[in-house]
Amino acid sequence: MPSNGSVNNVKLHQTYQRARGAYYTPDVVTTHLAEWLMKGEPRSILEPSAGDGAFLRAVLSQLTANGSRRTEITAVELNREAIDSAKSRLPARRVKFVHADFLTFSATGFCAVIGNPPFVRLRHLPKAERITALNAAEDALGYPMDPSGSVWMPFALHASHRLRPGGRLALVLPLDATYVRYARPFWDRLARVFGNLTVIRVRERLFADLSQDVVLLLAESAGSQTTTIRFEAYNTLRDLQTASAEVRSNINVEDVVRGKRAFLHALLPYGLRELLEHRLDQKLISAGLVARFRIGYVAGHKTYFHPPADEVSRRKLPKRSLVPTVATAKVLRGSGLRTSRLVARGECEHLFYPLGRELSPAEQAYVAFGEESGVANAYKCRARTPWYLVPYVSAPDILMSVFSDRPFVAINDGSLVASNSLLCATLLEGSVDEFATRWYNSLTLLQCELNVHSLGGGVFVLVPREAAAVRLIRKVQSNKVVLARIDRALRDGDIGAAYECGDEHSLRKQLRLTPRAVELIRDGVTTLRRWRTAGSSAANGSVEEVDEDLAILEA
């Protein structure tokens, strides 16, 4: 499925088609999709990514149970070894195999399509395959697809075009498909060519050994149109089998196309959705209108540019070339709400930053050391002049954690700079105390759950675009007593308590919410966190998301 972006073409093809069998779709999923597919009594079925034949076996099992002998099955597969393996496990002459890249497969008129597309970022494909995928997507959409996307999208679009009127489509898709920007045209297109759409999410991880949460897409009545998506959420696979849904909701396609996290909102209790949409909507403001967010500086070599104290002493590096910095987010743990505490304790690190003057002999020697040891040849370093001068070094008003279970926010009254392990915010309005008050409450935490994606056991990844999308209380007065309580909770390492410290002041007094409304908000946080951290032993974001984030944050 996913690619790590550093494999050769052979390994890429293996990843692309899941050829080793490590990530093939579990039987409970293939059975569920096959059972649904057969309700349409299809006379012809296409499996566009056959792999080891897991879906084919499920379909054949259903055909045998239904006593059907007339259904034609076509299976397309790029990997010849996978075809041979699948043939050895399937009844002879029941399946017609086609050895080809599905995105070049042109046959149409199928009654049904079932499968699990590859989840590979387009930029990781060989150039010819990337062009083929983008062309397939453009043929279906009528306009170019965002090239930053993943191959599952052109794959699914191409599959939908292989159907005859009235046909059915059953696919496994990455959870990212429900919210990433590049996928918005996908949902618009589906709604224009299918009369009924259903998306199924199961909190229990479907791929136990894979860093990927998925959803199941059921599309029927090809050739018709719809304006809604039926969304069903189940706690366990057993619940899916018994149709015991925790959530059943209709989602407006337009909300998905416009970029709303509609599938997450649908997990919330109806009363909370009403509160957010009708009572609070006009009382909140996007954080991007309050502050400008950016990732901290990218050094290019963490160890060299953040020399430890003994190295500074040994090389006699002058104080003037060392800028106090927060190089890693862990330094902030237990430091409280303000960075001045780090400065007072002497716990901040230093960035080697010899700016605007001739280098001293000690600085020249350290630069020479960097050149001799190969630091100067690192990608980020060789792309700048001079290589040793890190760009975009400035002290923000606010520091925020990038990777966390709950975002940590600190007032930068110590005037520290920060590496790309931190998110930096420069205020556009209000004071730093007001920003902290706006941030530390359960309503903001709920907004983080609704707007910030996650990976690695449900760990938030706070990138600038999503931080700016978090909605804060429009008008709030800071309160020294409340900020002192938040500071104490952060020093104690209880960030959950820090957020709840602001509820009485910000939610009850400023927004005049009832205790029941505050409780609804807290319950909403708990609900979404439970879904976010499901299967926390594995990553909760897609590998493509991880790859994208690390490309931004890599030092």
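Leaving aside neighbours within four places in sequence, which residues is R530 in contact with? Select R530 and you will find R203, N235 and E246 in contact with R530, where contact means heavy atoms within 4.5 Å.

Before moving on, a word about the model. This is a predicted model, in which local features need pLDDT of at least 70 and side-chain atom pairs count only at pLDDT 80 or more, while totals for chains, interfaces and linings use all residues. Residues are numbered from 1 along each chain as its sequence is written, and side-chain values use heavy atoms, with hydrogens and water left out.

**Stop 1: around R530**

R530 is found in helix α23; helices are DSSP runs (H or I, at least four residues), numbered from the N terminus. R530 counts as partly exposed because its relative accessibility is 29%. On this scale, buried means under 20% relative accessible area, exposed over 50%, and partly exposed in between (1.4 Å probe, protein chains only).

**Stop 2: helix α11**

Next, select residues 270-279, which make up α11. Its buried residues are L272, L275 and L276. Looking down the axis of α11, you will see these fall within an arc of 90°, so they line one face of the helix; the arc is that of the directions from the helix axis to the C-beta atoms. Y270 and H278 are exposed on the other side of α11.

α11 and α23 pack at about 110°, with their axes 10 Å apart. Axes here are lines fitted to C-alpha atoms, for helices over the stretch in contact, and angles run from 0 to 180 degrees between N-to-C directions. The two helices are therefore roughly perpendicular to each other, a label for angles of 65 to 115 degrees. To see where they meet, pick G271, L272 and L275 in α11 with A517, L520, I521 and G524 in α23.

**Stop 3: the core**

Finally, select F186 and F435. Of the 166 residues in the largest nonpolar core, these two touch the most other members. A nonpolar core is a set of buried Ala, Val, Leu, Ile, Met, Phe, Trp, Tyr and Cys residues joined through side-chain atoms within 4.5 Å. Not counting residues up to four places away in sequence, F435 touches V290, A291, F293, I398, V409, L427 and L472. A second, separate core of 22 residues includes V367, C381, V390 and V417.

Key: Angles under 35 degrees count as roughly parallel, over 145 as roughly antiparallel, 65 to 115 as roughly perpendicular and the rest as oblique.
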